[in-house]
Amino acid sequence: MIYFLKTAIGWASIWIPFGTEIQALLKRIDQCSDFILILSKGAFARTLDPAFNPRQDWLRIELAYALKKQKNIIPILLEGFEGFPENLPADIKDVAKKNGP
């Protein structure tokens, strides 16, 4: 995963290695003013699957945390993304209204 943050001289990226502990990941999000959310077809499939453990849904965990911390959410919609589902969980439903601050 790559996170981007805005610095005084422009955009910088933060590389988060696979297997990073969740607390380390959330700490990295704390360091960013902007959270770039890259969405492809089926991006919310796990989130909407009642059989999937929400504690393993990294998209939801990261996004809910960024929303809670009032980060600027910048969605990047890739080809095939069909829009935000109406039945997103309460902790991330406001993402549908975001495009920056």
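Tutor: Let me settle one word before we look: contact, or touching, means heavy atoms within 4.5 Å. This is a predicted model, in which local features need pLDDT of at least 70 and side-chain atom pairs count only at pLDDT 80 or more, while totals for chains, interfaces and linings use all residues. Residues are numbered from 1 along each chain as its sequence is written, and side-chain values use heavy atoms, with hydrogens and water left out.

Student: How much of the chain is buried?
Tutor: Of its 101 residues, 32% count as buried, and here buried means under 20% relative accessible area, exposed over 50% and partly exposed in between, using a 1.4 Å probe and protein chains only. The accessible surface of the chain comes to about 6800 Å², with 53% of it belonging to carbon and sulfur atoms; such areas come from the Shrake-Rupley method with a 1.4 Å probe, and for residues only the protein chains shown count as cover.

Student: Back to the inside, then: which residues of the largest nonpolar core touch the most other members?
Tutor: A nonpolar core is a set of buried Ala, Val, Leu, Ile, Met, Phe, Trp, Tyr and Cys residues joined through side-chain atoms within 4.5 Å. The largest one has 16 residues, and Phe35, Leu37, Phe44, Leu63, Ile73, Ile92 and Val95 touch the most other members. At least two residues of this core come from each of α1 (22-30), β3 (34-39) and α3 (58-68), and the largest share, five residues, is supplied by α3.

Student: Which residues of α3 are buried?
Tutor: In α3 the buried ones are Arg60, Glu62, Leu63, Ala64, Tyr65, Ala66 and Leu67. Just after α3, Gln70 takes a positive phi of about 55 degrees.

Student: Arg60 is on that list, so what does Arg60 pair with?
Tutor: Arg60 forms a salt bridge with Asp91, their closest N and O atoms being 3.1 Å apart; the term stands for a side-chain nitrogen of Lys or Arg within 4 Å of a carboxyl oxygen of Asp or Glu. This pair links distant parts of the chain, with Arg60 in helix α3 and Asp91 in the segment after β4 (72-77), 31 residues apart. Asp91 itself is partly exposed, at a relative accessible area of 35%.

Student: How many salt bridges are there in the structure?
Tutor: There are three. Lys93 pairs with Asp94, with the closest N and O atoms 3.5 Å apart, and Lys97 also meets Asp94, at 3.7 Å from N to O, which links Lys93, Asp94 and Lys97 in a network. Lys97 is exposed, with a relative accessible area of 69%, whereas Lys93 is partly exposed at 43%.

Student: New topic: which residues form the aromatic cluster?
Tutor: Phe44, Phe81 and Phe84 form it. Rings of Phe, Tyr and Trp (its six-membered ring) pair if their centres lie within 6.5 Å, and planes under 30 degrees apart count as stacked, over 60 as edge-to-face and the rest as tilted. By this rule there are three aromatic pairs. In one of them, the ring centres of Phe81 and Phe84 are 5.4 Å apart and the planes stand at 75 degrees, so the pair is edge-to-face.

Student: Are Phe81 and Phe84 buried or partly exposed?
Tutor: Phe81 counts as buried at 15% relative accessibility, whereas Phe84 is partly exposed at 23%.

Student: Last one: what is Lys98 in contact with?
Tutor: Leaving aside neighbours within four places in sequence, Lys98 is in contact with Leu67, Ile73 and Pro75. Lys98 is found in the segment after β4, and its C-alpha atom is separated by 7.5 Å from that of Pro75, 23 residues apart along the chain.

Note on methods:
Helix = DSSP H or I, 4+ residues; strand = E, 2+ residues; numbered from the N terminus.
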